[in-house]
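Good morning, and thank you for joining me. Please look at the model on the screen while I go through the core, the overall fold and the interface.

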Amino acid sequence: MINDTELKQIANLAKLSIDADAQNETIKDLNAILDLATQLTEINTDDIPPMAHPLHMTQRLRADVVTETDQSELFQSIAPNTGNQHYLVPTVIE
Amino acid sequence: MHTKTIAELAQGLKNKDFSSVELTQHYLDRIKASDLNAFITITDELALQQAKSADEKIAKGEAGKLTGIPYAHKDIFCTKGVKTSAGSKMLDNFIAPYDATVSHKLNQSGLVMLGKSNMDEFAMGSSNENSFYGAVKNPWNTSKVPGGSSGGSAAAVAGGLSSFATGTDTGGSIRQPASLCGITGLKPTYGRISRYGMIAYASSLDQAGPMTKTAEDAAIVLNAMAGFDAKDSTASEQDVPDYTANLNDAINGLTIGLPKEFFADGLEDAVATEVMNAVKEFEAMGAIIKEISLPNSAYAIPTYYIVAPCECSSNLSRMDGVRYGYRCDNPKNLEDLYLRSRSEGFGAEVKRRIMIGAYALSAGYYDAYYLKAQKTRHLISNDFKKAFTEVDVIMGPVSPTTAFDLGSFKDPVSMYLADIYTLSANLAGLPAMSIPAGFSQKMPVGLQLIGNYWSEPKLLNIAHQFQQQTDYHAQMP
């Protein structure tokens, strides 16, 4: 079950911040979902392979050739901040 | 005009009873006068342009079956040059730079897009109350939910705001709103319709499909949506038949399986009565009824609510405030940019599912949750394999209740439990439908049909035959 420390770890993995006043409610909701998941322990799944694909299809491969055209200008036109064909973010290395 | 089916509208356009521009304007007027909140974006200018061009094609005799028909497109499908929000603040400013394959195919069919329909944020929800753009109201009773996640699509069709709509179904998001709004909804076999440009929630479960007034309309629209797509690595290469070809086949001798688990505790009596009345109707049409068992179906809820969040935590990691979508103001550093963009951009339910997924996939918990759920998924799928050696189609309820009041579910888990009858078909990848089957206290009740892989022609045939004998599908609020 999730406690305060684990909530911080999960939030960090998920890159989400949880407001201090919402912390208890979040822990309660997440634990209720995990409670639901504990029903799975009732089932014997020894020797049952995990289901990787609903139709058991294998990954289709394609020839290793360029099929996309350069649309970087179009794609960057919707970005929050760009410059010199790069996506701009706050300085990472001072 | 808004009471007509696609088939009837196409005939009206062909006979020049009305033009596509007139038809489109009629729907746009109805949308603007409506208070259902079924649309996030109304594309009136584009719609009238498309209608004008459709009228030109009709005049030249170049029209296809769908040319000039107005529809609502779920706001999860990318539409080039038009906002595609997925019901989220995160994508409120996202103008898609390309068309989803489904959008492209529907454009090619000469359809007229009225707008983008409202939905639960990133398709996560069963009531459409999780939309950044506000809840959608059920046209049968505006104090009730339309279902979700394709709630705007269902409300638009049921409320006569659109001739049909597109939807997507990851755990019941086409069938449950179709049931709650009294329309026909089809979730095809996994891989039947391309997922390219359909904003991903849980990729191994997501499947698009039509939401229509009738089974015949669903067949017409599925013809336009289905097919292989090299841009989706999970799209099937299976041939696409003409889905309208078998609608009139006789169904006497059809074997219908009723899973006893679908009629156990939790199902509202009035819903059970309507569903059983529909089954009796099939019996009168010559079908054979057989009780079957899907012993692992009760585990569909915990299985789904592990598998889907795991996939969503991975899929939604791309929403980081860097390349598109919402970015927080004045980020202090890169970490702050990620944290605040995501925390301010996502709603509560999306955050919950991302965190459950991140937890279930993390070191030390992967085997206990994700791997266990994927194994259980196999057992659920095996139950269906066994059932389809005995019966042609499985029938049961779609939802344990009719549409519930807006705001009536306070905690997430209690709403998850209402997905009990729809989740299994997604976990197994099977095609399934909801068709109008009656009313309880003036609210629609849906009947669920689950078929074997690629049995869409059979499902549509069964549904069409039922609709020849009943008029639940023809009733409007």
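I begin with the largest nonpolar core, which has 157 residues; such a core is a set of buried Ala, Val, Leu, Ile, Met, Phe, Trp, Tyr and Cys residues joined through C-beta atoms within 7 Å. Buried denotes 20 or more other C-beta atoms within 10 Å of a residue's own, with C-beta atoms placed from the backbone. Among the residues with the most contacts inside this core are B:Leu114, B:Ala154 and B:Ile306. Helix 9 of chain B supplies the largest share, nine residues; helices here are DSSP runs of H or I, at least four residues, and strands are runs of E, at least two, numbered from the N terminus.

A word on provenance: this is a predicted model, in which local features need pLDDT of at least 70 and side-chain atom pairs count only at pLDDT 80 or more, while totals for chains, interfaces and linings use all residues. Residues are numbered from 1 along each chain as its sequence is written, with chains lettered from A and ligands numbered from 1 in the order in which they are written.

Chain B contains 15 helices and 11 strands, and of its 477 residues 62% count as buried. Its C-alpha atoms fill a box of roughly 65 × 55 × 45 Å along the principal axes.

Turning to the interface, 53 residues of chain B are in contact with 36 residues of chain A, contact meaning C-beta atoms, placed from the backbone, within 7 Å. Helix 12 of chain B gives the most to the side that touches chain A, with 11 residues.

Notes: A residue is buried if 20 or more other C-beta atoms lie within 10 Å of its own, exposed if 12 or fewer, and partly exposed in between; C-beta atoms are placed from the backbone. Two residues are in contact if their C-beta atoms, placed from the backbone, lie within 7 Å.
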